[in-house]
Each structure stands twice: as structure tokens, then as C-alpha cells.
Amino acid sequence: MTAINPNAEAEALNDKLAGLDLAGRLSLVAGLGGRVVFTTSLGIEDQVITAEIGTHRLPIDIATLETGRLFAETLALIDETEAQYDIHIQRFSPEKADIDAYAAQYGLNGFYESVEARHACCGVRKLKPLARALEGATVWITGLRRGQSTNRAETPFAEYDAERHLLKVNPLADWDIEAIKAFVSENGVPVNPLHARGYPSIGCEPCTRAIKPGEPERAGRWWWEQDEKRECGLHVAEEAAAIAAQ
């Protein structure tokens, strides 16, 4: 019997998804079998995916990482989105023991002091909760887009996540921000009011600022760091592996 090659499976799925619209992509993924999980940060692109899942009543679990440092506007949007689409968004929060251990080592806001401390905070507040959100999943859906940053410019529609042993699907990979905004306007999708105040990418409140004219969409994330490829680790295999080893 020939063993299934997960990378080949992901490549085949990538080719299929390329020829479909968003509803078709999500429907195809929902029918692959197993548990399908969409993790949302409640950003504008994630709201587009949530709207399609809710409107078409797709069998896709929706989860969010309630880090304990989110903007009040983001928390309010969770409730608003659930009500509009009659869905449940499952919240995954960090463990108190992990927060206490982090604060003891680095200080509660130690992430400003070093990249190491910031990665450790993201690990406690995001990566560990993500691992719980994806338990038992065979497919992970994200809102990654190629236009978000140079670090994401080659984002495929589907790839195999070897660290988490699942298919990772990015159904908006080829959408630009203008297409996102048009969908939101045409379909009455609720969005975070911070977007209108200059925050195209919204994470934890202490780590997010509005961007300046001409800056990339994700320039406001961890703005005090110099690395242009700043990420929290959710979509970086090396950091995911490090958290899994702990």
C-alpha cells in the first residue's frame, strides 16, 4: 500500500483551491473530513472568512486566542460577530500559571525589553492556547494574505504544517486589501472600529500601534523591534517547535 505524502496532498489541494472563489474554497475544505478549525484574530480578513462560514453554515469550528491583552474593541467584536451570524467563537486563554511564571522572569511588560522576552510572551499568550485550539484538528484555516507583509508574500492556499501535523489552508492568500474592503462593504460584515483609526493589523493592545502613511499593513505590530520579518510565532515553524518542546 502506498503511504500518503502529506506535502503532495497539500500541493494537490493548493491547485484545487486556486480555481475556486472563497465560498468554494471553504466548502471544499469543510468536506475534507476530520475536524476543521478556523482561528480568527477578528481582523478584517478574518471577519470575511467568518462571514462566509456563518452565512453558508459550514461545519468549521471557529476559535480565537483571548490573550488577556486584547483591545476592548476586539472583545466587543467577538460578541457582535457571534450575534450577527448565530455562531459560537470558542475562546482560548493563557494559563494563569504561565502568565505568573512569565511575569516573574521578565516582568508583566517585559516584552519591550528584548526579542527573547517578546517571543516568550507570545508563546505563553498565543502559541500555547493555539495548541489547545487545534487539538484533534486535521485542517487549520487562517486569514493569511500575501499582501500583508513581505514575509507572507509567498503564502500558498494550502501547505502541510509538519510541526502540528495538519493541513494549513489560507483561503484569502490571493486577496488584496481592496477586495477585502469591498466584500465587507457589500455584505455588511462587522469589523473592528480600530481599522478606521489607522490599525490595519490588530493584535494585543500593548504591542499594536496605528501605522503611518506608506507603511506596510503589519508595520504597527511590535513596532519597537528592528526585524522587518516580525512575527508572533503562530505562522513560524521554528517558534512553534520550540513551544511544543517545552
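His 195 lies in the loop that runs between helix H7 (177-187) and helix H8 (237-245), where helices (H or I, at least four residues) and strands (E, at least two) are DSSP runs numbered from the N terminus. His 195 counts as buried because its relative accessibility is 17%, buried being under 20% relative accessible area, exposed over 50% and partly exposed in between (1.4 Å probe, protein chains only).

Apart from neighbours within four places in sequence, His 195 is in contact with Gly 43, Ile 44, Pro 200 and Ile 202, contact meaning heavy atoms within 4.5 Å. Of these, Gly 43 is 152 residues away along the chain, yet its C-alpha atom and that of His 195 are separated by 8.4 Å.

## Basis of the values

This is a predicted model, in which local features need pLDDT of at least 70 and side-chain atom pairs count only at pLDDT 80 or more, whereas totals for chains, interfaces and linings use all residues. Residues are numbered from 1 along each chain as its sequence is written, and side-chain values use heavy atoms, with hydrogens and water left out.

## Helix H1 and its two faces

In H1, the buried residues are Ala 10, Leu 13, Asn 14 and Leu 17. They lie on the same side of H1 because they cover an arc of only 110° around the axis, the arc being that of the directions from the helix axis to the C-beta atoms.

The buried residues of H1 pack against helix H2 (22-30), strand E5 (158-161) and strand E6 (166-169), while the face turned away from the buried side carries the exposed residues Glu 11, Asp 15 and Lys 16.
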